[in-house]
Amino acid sequence: MRRTTPLTLRAVGIAVAATLMLPLGGGLANASTMAVTEGPRHVRSASAAGIRAAVTAPDFAGARAAIERLVGAAADQIDLVRITSEGGNDRYSVAAVDGRLQISATSAATAVAGLQAYLGSIGRSVSWNVGNVALDGALELPATPIEATANVSHRFYGNDTEDGYTGAYRTWEEWERAIDELAALGFNEVFMPVGSETVYSEVFQHFGYSAEEMREWIPLPAHQPWWLLQNMSGYPEGTSEHTLQARANLGRKIADRLRELDMTPVLPGYFGTVPAGFGDRNAGANIVPQGGWVGFTRPDWLDPNSPVFAGVADRFYETSAALLGDSGMYKMDVLHEGGRRGDVDVPSAALEIEDALQRAQPGATWALLGWQNNPPSDIAAVVNPDTTFIVDGLSDRYDGLDRESQWSNVPYAFGTIWNFGGHTTIGAELALWNTRYYEWLAEAGSAVDGIAAMPEGGLNNPAALDFFAGLAWRDAPVDTDAWFADWTFRRYGTSDAEAVAAWRIIGRTAYVLPDNGGYSEAQDGLYGAAPSLGASTAASWSPGKMAYDADAFAEALPHLLAVSDEVAATPSYRYDLMDVARQVLSNTSRTLLPQLRAAFQAEQEAKFAQLSDEWLANIELLDAVVGTQPQNLLGRWIASARAFGSSPTESDLLERDARTILTTWGEQAAVAAGLNDYANREFQGLVGGYYKGRWEQFLDAHETALATASAPATFDWHAVGAAFTNSTDTSGFLLEPTGDIEALAAEVVVRHAEARPDPVALPDPPGPGTTYLSDLPFASEEFNPTFGPVERDTEVGEAAPGDGRPMRIAGVAYAKGLGVQAPTTVTFNLGGLCTSFDAVAGIDDIMNKPDADPNVTFRVYGDDRLLYDSGAIGKGVAKTVSVDVGDVSILKLHVDPNGLDWWDRADWADARVGCGSAELPPLELSASAQTRCVGSKAFVSVAVRNDDVAPVDVQVHTPFGTKTFAAVAPGKNAFHSFAVRATSVPAGAATVTATGTGELATASFDESVDYPARSCG
């Protein structure tokens, strides 16, 4: 045995048979065909294998080759047969026929999806990053057919940005594997922009530009997606002829492979992007300057109504077909992220774009991204719905969407973007997908005819991708607990109660995101943030707080550490252990940073130094954890970019491109606009080098400030980033993974427990009468430091404290109130003494600008219960807020940016509470104690929950130490693990005492809690 004592915080108590007999709906197949039970799955093996050659339908050569790549020699035991579709949608059937495994399918890719369904039934799977497909000997044959029919026509994968954040320097071998994996997951359309830059280069050489001018205009590969989206050009350098040709050749291979599998390569189409000066070189061109995009100058737009547009578009499609081949779908996003209409008749322009596509590729589909205000409703109203398809990136982000009305019943895909910038965080709106997709699909008049998985970066969240892909092949929502049980069987090859327990915890936290209104991704980690004691995100537009309970999520890690030897031997387990340990450790950044801020503000020099050491030690451990898997190595990321170059000079430029996209993104203007660290990653080398180096400088400066009673030194983080991006020093960047992930993960369990703060005492509640909130201390505040802190009695102003202007909403001035920039959350301790909260909520009049489009939602919570929701509010609107807060202890005011937060300066004007006095009910707490092992070390863990209505002070006494918790809020837990400093601990008891706090009448609690003996040797 690997270990004698399971590393678990609690007894699992899960009967494997009971777990696995639940209805599943795993992978691609219907729930009924994928149910896993203790009984036999298969009645016989393919004993006839090898007697005859495998059968392959005449046009399934691509499927045969893919299956051979995925399962090797076992493919010889599989016959492939083409069948017709039912109702126009793909289907597959996997059955035992003449002693062999026969996969019948409507397309080559669907045959590979059928293979995936079969693999799942025997505890194997093709996965997004680490597969589990080892097959030995004769294949087991299914007792009954495994069948599924897609419920939609389109299964789309890809995001323009994924080619920059993940795929800029993918090799052909990596693309080949990715295509096979996407086919196995059931996708049939893949966005493929590689090589389109060469199309543009050749086209505009026919319209007055030299080859050199085109190379200067076209960005390097990692930044190219935003050029195709008409956001920027020529950064960080222009491209080379070598890179143009290499990308064109690679793009042709990718597109051809997709076609071999009956998958559609979705290619960029032409909608009017032109280089500077096009109007001077081409008569009759109406050119509309597109202005700026987060610090960059956008390329110009050629009005498609211009006579010259048709010639450019015809040349574009002719060149694209020659270089990349034909396609049945082309993606074009007009007016993406703030593009300017100018004097263009946009509906007419849309028809010209559509006509150009149909001239070149009759019957081809125009794909558009549903994002922000796109596609504009006047475009959707005029295009042909038979040849138009929208991939919606916001289906799971906002409530109350009516896409049929907004998009004039143009068919669309239910889509998701579960990470932005390729962040490594675990999380997605999986639970919401499970219900909303089928609700939308079943609505009368629904235009849903697809799914669209569009993460901005790939190779993460394999469970999310697997579940989302399966939506198109299941008939109805599934029991997610049962799905995760089946996921562990398919991923690890066996049924393991500890693995099931771990994944169910992950499924109930990171894949539910209960506290994540207005976002479709989970929070990023603050170890990767530009150093600031007020940091709430690493990327400017990420969630500013935890999207789920971090302590609840962390309970998954000890379960993963306690799995069987059989599970622990699989590569997929070792990846998952790394990923969960990484996430648990990353989440400690949100626990530790407020403690650092509080210690600095209180001028606690020793405490600040101790917390700084803990912060930096966690960064070092995080670097070691991620360094155990190859896809997390900055050294490999850089080496892949350099390998694309034709000379050392070009390799240096490509390395700069690869470094920049992960860090500064652009120059100073882009950093100032919010792009710095937008694509932050928890990569080995990036974490332990770049991120740790920044934090060391910052924390040293603050320690010096405390020691000298002076202001801390300030830093130009863009200059620090520029030094990193311009460097070619790769010292400390691994090229091969290293480290014992089990030992490292066990250390993460300890670090998570140590990061829990001593609760900070709440400020006293307000006295009797009316009190303005701007006159009260905050219990807590969360804000984006890029936009500045909450301001008292003024609008929020800029980044510096105290720089706001007088507060005005809809023309009315207010002397009192709180000024914020969404997203912001601020809380107050009312102590159960108040009865009313009143305010006037609205966008501050400083946003009454022609180019500003603010949109926020004001929400009021009492002890985390929603008491008021304003709905979306734009400028010029004042909402009167009046809320009953009787018995509320913690009042929380939150302003949601409803997506973009560029203009969202909002005010809680005249915010005030009316209070009296109250008596505290009898004190009620619950306490428990457990023992556990972390490695060979024994720990005693004590948890105390405040079930009362007011904060309490708690003290826990054990033979191994005493821990005090001040002002534990109602409904919150006080938890501490006491190190026994031995390999075993005898049975014993902990004593828990508690008293009330503040001006409230006190009550007491005194209880002894037993814990069992434990041996960890």
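**Close-up views of a predicted model**

When the bonded cysteines of the protein are numbered in sequence order, their pairing is 1-2, 3-4. The model is a predicted one, in which local features need pLDDT of at least 70 and side-chain atom pairs count only at pLDDT 80 or more, while totals for chains, interfaces and linings use all residues. Residues are numbered from 1 along each chain as its sequence is written, and side-chain values use heavy atoms, with hydrogens and water left out.

**View A. The disulfide of Cys 834 and Cys 915.** The sulfur atoms of Cys 834 and Cys 915 lie 1.9 Å apart, and a disulfide here is a pair of cysteine sulfur atoms within 2.5 Å. Cys 834 lies in strand β27 and Cys 915 in strand β32, so the pair ties together parts that are 81 residues apart in sequence; strands are DSSP runs (E, at least two residues), numbered from the N terminus. Both Cys 834 and Cys 915 are buried, that is, under 20% relative accessible area with a 1.4 Å probe and protein chains only.

**View B. The disulfide of Cys 933 and Cys 1016.** The torsion about the S-S bond of Cys 933 and Cys 1016 is about -80°, so this disulfide is left-handed. Cys 933 belongs to strand β33 (residues 925–934), whereas Cys 1016 is in the segment after β41 (1014–1015), 83 residues away. Both Cys 933 and Cys 1016 are buried.

**View C. An open sheet of three strands.** The strands follow the order β10-β14-β11 with antiparallel pairing, where two strands pair if DSSP finds at least two bridges between them. Within this sheet, Ile 287 stands opposite Leu 302 in β14.

How values were computed
Helices (H or I, at least four residues) and strands (E, at least two) are DSSP runs, numbered from the N terminus. Buried means under 20% relative accessible area, exposed over 50%, partly exposed in between (1.4 Å probe, protein chains only).
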